[in-house]
Amino acid sequence: MNQIVQSEQAADDELGLPVFDLAVWRLAKGEAKRAHAHRFIKLCQRHGFLYIIGHGVPDVLISGLFEMSKRFFNQDMAEKQRISFLQTGGNGGYIPPKSEVTDQTTKGDLKESFAAGHRIPDVNPALAIAEKLTTPNQWPQKVPGFRPMVEGTIDTFRGVARELLAVTAEGLGGPADFFDDKVSRPIATLRLNRYPTQDPSDDTGVGIGLHTDSECMSLLVQDDVGGLQVVSPGGLWRDATPLPGALLFIIGEQLTRWTNGMLKPTPHRVINKAGRERYSGNLFFTTDVDAPVGVIGGILKPGEKPRYPAELVGDYVGRRIKEVQVRDTVAA
Ligand SMILES: [Fe+2]
């Protein structure tokens, strides 16, 4: 399939993938708008991931991001290591292969990544993630246009993420603006990833090991190589087959807390045996870093209690990052 999918029905018919058209929600009014948002929640509960079309992100931005990503990763290793995340206490810069172990039963993730994030002023230094959010981003010196491309992508994807939180709130029966005053100081981190092709006979290596994302959501763009697998809330493995022009929405652990367990975080991994490298990019997005994650008003039934402690976003995500990252590459 080479054409950008133009409608939910076309994608459902052709690939059997769950698809949500954000433009339909954006343009609808009243009961029709609420019904479309409700459908979003139903698709989330059934599949755990959705393809978002009608998101408004220009195709040229996504193709430009992949092109810039290739230029970055094609540099010499020594040049990439000049901005390794190991050089600072932060989370930004180059992340070499095997410096993260997302699944402790593996020998480490085979992918390499670049990360940069929205920086927040006056972060409470007591938060577990404070150092990572206040350490300046690191940028390559020899890839012209890389920084504005990444920063522009973060801003654009942040807008989509805020809209999807509004859809979530409305779909759950609350007001669509429920999250509006809770997303001015979010963690918004963009990662660019390159997954090497793996030996088809090796069943132990992983591009990235099985995990769930600790944020509210991740928004993913992927090239046409494939290899991403997700586990549905019913326990079914599914290939998240690339859908041209679509953003992939994956539920993170904080949405589980906001919904008191109604929306389950989506376990996923990447195994690339396609015979060529795979490129992807994703934005991780939370609500305000220094505010607690509560339960959305109206979610709790009479007598039902919150299942999770009201932990601050920056403490929760900071703790989860430390569980994954090692300070040196893992022995093969
Ligand atoms: Fe993930």
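In this predicted model, eight strands form an open sheet with mixed pairing, in the order E1-E2-E10-E7-E12-E5-E4-E3. Strands E1 (19-21) and E3 lie at the edges, each pairing on one side only. Neighbouring strands of the sheet are turned against each other by 25° on average, direction ignored.

On one side, 3 bridges join E4 to strand E3 (residues 93-95), and the two run antiparallel; here tyrosine 94 has phenylalanine 114 as its bridge partner. E4 also pairs with strand E5 (residues 186-195), again in the antiparallel sense, over 6 bridges, and glutamate 112 stands opposite arginine 194 of E5. E4 is mostly covered, with 6 of its 6 residues buried. Both of its faces are covered: Glu112, Phe114 and Ala116 are buried on one side, and Ser113, Ala115 and Gly117 on the other.

Elsewhere in the sheet, strand E2 (residues 49-53) runs antiparallel to strand E10 (residues 247-251), the two being joined by 4 bridges. Isoleucine 52 has leucine 247 as its bridge partner in E10.

Helices lie across these strands. Helix H3 (residues 30-47) lies across E1, E2 and E10, running at about 140° to E2. Helix H4 (residues 59-73) lies across E4, E5, strand E7 (217-222) and strand E12 (278-288), and runs at about 110° to E12.

Just after H7, glycine 173 takes a positive phi of about 100°.

Key: Residues numbered from 1 in each chain as written. Predicted model: local features only at pLDDT ≥ 70, side-chain atom pairs only at ≥ 80, totals over all residues. Buried ≥ 20, exposed ≤ 12 C-beta atoms within 10 Å, placed from the backbone. Pairing = 2+ DSSP bridges. Axes fitted to C-alpha atoms, helices over the stretch in contact; angles between N-to-C directions. Contact = placed C-beta atoms within 7 Å.
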